[in-house]
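Please read them with the structure open.

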Amino acid sequence: MDKEAVSRDQVGSLGRGLAVMEILARHPAGMTLTEMAEEAGLTRAGARRFLLTLVATGYATQSGRVFSLSPRLLTVARTWLGGASLWSFAAPIMRAVAAQLNEACSAAILSGEDVVYVARIPGRRILSVSLDVGTRLPAYCTSMGRMLLAGLTPEELDAFLSHATIERRTPKTIVERPLLAKAIGKAGTDGFAIVDEELELGLRSIAVPIRDRSGRTVSAINVSTQSARFSVAEMEREILPALLDARQRIEDFFVV
C-alpha cells in the first residue's frame, strides 16, 4: 500500500491530538498553551483547539493558563486492563521468546501443591511431556514451581514443605526437604530457577518470576527444552536474558 493510500485511511487530526495527550502525560505538572505549541510543533491556535477539546471531553483540565491530563485517561486504561487478561497481553511477548529460541515458553500460577499452566506457546522441538493450558504439575520439581515457592512468605513455605507430597520422579529429583528448601531459597536469591531433569529425564527448564506493582510474585514464565539442546550453563547464558527481557515487558502490564 502506497503512502497516499495510507494517508487517506488515517485521520491526521486524531494523530496530532493523541500526540498532544502523550506530551501532557510527560508533564504531570501541566503545560501552558505556548509550551504545548512549541513541543508539539503546532501553531498556538492549533494547540489551543486540541487542548480545549481535551478539556471539553474530560481528558484534560485547565487551571488558569496551565493544562493537565485528568484522571479520565486512567479510567480508560483501567477499563481496558479489566477486560484484557494478563496472558492475552503476555502472549505476543512469550511468542517472540519461543520464536527466538525455537523452544516452548509457558506461564503458570501456584495452586496448592501444583503449578497450573495459564499460557503456553509451543516450540518447534517436540517434548515427550504433554503440556497445555490447565495442565497441573508438582511445584517442588518444576522451575516455575520453584520460582513461585520462592515468592511465598517463610511461614507459607514452611507449611508447604511440611505437608506437600514429595516423590522421586527421576534419579535427579530433590526429595530431601532441607535440600529442597535450599534450592527454593537459591532461586529466590538468584531471581531465576533451573530444574535439570527432576521432572522427567531429558527435560530441562528455566523460569523467572512475574511480580506485580507491590513486588508480590503472581506467576512465573519459563522455557523448557531437551537436555541435549542446551546445557545448564548454556540455558543461563543464552535463554535467561530473553526470559528476563520478557519478564520486564510483562510486568509493565501492572504499571498503570
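**Notes on helix H4**

1. What covers the buried residues of H4 includes helix H2 (12-25), helix H3 (33-40), strand E2 (60-63) and strand E3 (66-69). Cover here is by contact, meaning heavy atoms within 4.5 Å. Helices (H or I, at least four residues) and strands (E, at least two) are DSSP runs, numbered from the N terminus.

2. This is a predicted model, in which local features need pLDDT of at least 70, side-chain atom pairs count only at pLDDT 80 or more, and totals for chains, interfaces and linings use all residues. Residues are numbered from 1 along each chain as its sequence is written, and side-chain values use heavy atoms, without hydrogens and water.

3. Gly-46, Ala-47, Phe-50, Leu-51 and Leu-54 of H4 are buried (under 20% relative accessible area, with exposed being over 50% and partly exposed in between; 1.4 Å probe, protein chains only). They lie on the same side of H4 because they cover an arc of only 125° around the axis, taken from the directions from the helix axis to the C-beta atoms. Arg-49 and Ala-56, on the other side of H4, are exposed.

4. H3 and H4 pack with their axes 9 Å apart, at an angle of about 110°. Axes are lines fitted to C-alpha atoms, for helices over the stretch in contact, and angles run from 0 to 180 degrees between N-to-C directions. H3 is therefore roughly perpendicular to H4 (65 to 115 degrees; under 35 is roughly parallel, over 145 roughly antiparallel, the rest oblique).

5. Leu-33, Thr-34, Met-36 and Ala-37 in H3 meet Arg-44, Ala-47, Arg-48 and Leu-51 in H4.

6. Just after H4, Gly-58 has a positive phi of about 90°.
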